[in-house]
Amino acid sequence: MPSFSSLMAYQRRVIRTLRCQNQQQVGALAKVIQAIAAGGGDIGDIRTHSVGTFHTLRDITVICQDEKQLEEIIRSVQTIQTTKLESVIDDVMELHRGGKLTVAPRYPVKTVNDLQKVYTPGVAAVSSLIQSNPAAAEEYTGIGRTVALVTNGSRVLGLGNIGPVAAMPVMEGKAALFSQFSGYNMVPILLETQDPKEFVETVISISRGFGAIQLEDIKTPDCFYIEEELIKRLNIPVMHDDQHGTAVVCLAAVLNACRLVGKDLKTAVVGQIGLGGAGSAIAHLVMNHTGRPVVGTDIQSYAQERLRKLGGEVVASVAEVMKRVDVVIATTGQAGLIKASMIRKGQVILALSNPEPEISIKEAVEAGAAFASDGRRVNNLLGYPGILKGAMEARATRMTSKMYLAAVQAIVDHTPEKELLPDPLDLTLHERVAQAVKKAALPNH
C-alpha cells in the first residue's frame with residue numbers, strides 16, 4: 001500500500017504539453033482535441049499564449065498511457081493542416097529542474113542593523129540563552145518547526161530499491177506539500193546505507209536539529225526496527241508515514257465507507273490482506289479503534305508473527321480472509337489477487353495497491369460488494385502534515401495511537417456527505433487534523 005497514493009498512481013503515465021500554432025479558423029482547436037481524443041489521450045490544461053491576426057498559440061497538456069500512445073497522437077496532430085506543432089514539452093521534467101524546494105530567510109537582511117540582529121553580535125545573546133536553557137531552542141530557533149524527512153530509498157513506491165538519490169524527487173514532493181499544508185518546514189535527508197543500525201545511529205546523530213522525524217520509503221522489515229529504535233531513543237515524535245500516515249487515512253476511509261452502507265465497523269469482522277509496513281499498521285490501528293482482532297494473511301512469516309504480537313489472527317490464505325470478513329483491506333501490491341468469486345454480498349472492499357488494485361471497483365461491485373474503492377482515493381496527504389504539526393505544537397515526545405485515532409476522526413468529521421474522503425488540498429482539513437492531534441497529545445485529554 002503506498003503513501004502519496006493518488007499522485008503516484010499516475011507515475012507510469014506520460015504527461016506532455018503540445019505547443020500548437022492554430023490558424024484563425026473556426027474549428028482549428030477542435031481538430032486538435034479530436035485528434036488527441038481519438039488517440040486515447042486525456043486532455044489536461046489548455047492555455048492560450050498569444051492571439052494574432054492569423055494564428056493563436058496554445059499549450060495543450062496531454063496525458064497518455066505510454067510513449068507509444070503519445071507518439072501516435074503527435075503524428076496525428078502533425079497531419080492537421082490548420083495546426084503547426086511547434087514543440088513537445090515535458091512539463092514534469094521542467095517542473096523538477098533545479099528541485100522543488102528552496103531555503104529562504106524569514107527576515108531578509110536589508111540593513112546593517114538587520115545584520116547585527118540576525119547574526120553577529122545580536123545572535124550571541126540567543127545562543128547564550130539556549131546554552132543555559134536548551135528548551136528555549138524550541139522558541140528561538142526553527143528546530144520546533146522543522147521535520148527531518150529521512151530515507152535510504154530502499155522501497156520507493158512503484159520503483160523499489162532505487163537508492164536515496166533517485167528517491168530525492170519524491171522526498172522533495174513530500175516536503176513541499178508538508179510546508180504548504182502545515183506552514184512548517186520539512187528537510188529531506190538522504191542516507192546512503194542499507195544497514196538499519198547505521199540508519200538509526202545517523203538519525204540520532206542529526207536529530208537535535210529537528211522537532212520531529214518522518215521516515216519514508218524504507219523496506220520491510222527494516223522499517224519496523226528503525227522506527228522502534230528511534231522511538232525508544234529519541235524524545236521527539238517519530239513517524240514512518242508509509243505505516244501510520246497510511247493507516248490513519250485508510251481507517252478514515254473504512255469508517256466513511258461503512259457509514260455510506262450503514263455498517264458498524266465496531267461490530268464488523270475486518271480482514272487485512274498484506275501485512276507489510278502499511279498493512280500491519282492499518283490492522284493495528286483498526287484493532288485500537290474496534291477493540292477486536294483483525295483477521296490477516298501474508299506470505300512472509302515475520303509479517304504473520306507481527307500481526308499475532310499486535311493481537312490479530314493470522315489465517316493461511318486470501319480465500320479464507322474473504323470467507324470470514326465483512327470489511328476487506330488489501331495492501332499487497334499484487335494486481336488481480338482478489339477474484340470476483342471470492343466476494344461475499346454486502347462486503348466493503350478497499351483494494352489499495354497502486355497503480356493496479358487487487359480487484360477493480362467495477363468487478364467488486366458487480367460481484368456483490370456493498371462498497372468498493374481503490375488506492376487512488378486514499379492519499380496520505382490527508383494525514384501527515386496535520387499529524388506532525390499537531391504533535392510538534394503539543395511538544396509531544398512520541399506519537400501514540402490516541403493521536404493517530406484523533407487524526408482519523410478529524411478526517412472523518414471533515415468528509416462531505418456521500419464522499420469517501422475529503423479533498424486533500426483543503427487547508428481547513430489540515431488545520432483540523434493538527435488541532436485534533438494536538439489536543440490528544442496534551443496531558444489531561
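**Briefing: helices and sheet of a predicted model**

Helix α8 (residues 164-182) has a kink of about 35°, centred on V170; the bend at a residue is the angle between axes fitted to the seven residues ending there and the seven starting there. This is a predicted model, in which local features need pLDDT of at least 70 and side-chain atom pairs count only at pLDDT 80 or more, while totals for chains, interfaces and linings use all residues. Residues are numbered from 1 along each chain as its sequence is written, and side-chain values use heavy atoms, without hydrogens and water. Helices (H or I, at least four residues) and strands (E, at least two) are DSSP runs, numbered from the N terminus.

**Helix α8**
- Buried residues (under 20% relative accessible area, 1.4 Å probe, protein chains only) of α8 include V170, M171, E172 and K174.

- Six strands form an open sheet with parallel pairing, in the order β11-β10-β9-β12-β13-β14; two strands pair if DSSP finds at least two bridges between them.
- At the edges, β11 (313-314) and β14 (371-374) each pair on one side only.
- Strands β9 (residues 270-273) and β10 (residues 295-297) pair over three bridges, and Q272 has G296 of β10 as its bridge partner.

**Helices α12 and α17**
- The axes (lines fitted to C-alpha atoms over the stretch in contact, with angles from 0 to 180 degrees between N-to-C directions) of α12 (residues 277-290) and α17 (residues 401-413) are 10 Å apart, at an angle of about 85°.
- The two helices α12 and α17 are therefore roughly perpendicular (65 to 115 degrees).
- Contact (heavy atoms within 4.5 Å) involves L285, N288 and H289 of α12 with S401, Y404, L405 and V408 of α17.

Key:
Angles under 35 degrees count as roughly parallel, over 145 as roughly antiparallel, 65 to 115 as roughly perpendicular and the rest as oblique. Buried means under 20% relative accessible area, exposed over 50%, partly exposed in between (1.4 Å probe, protein chains only).
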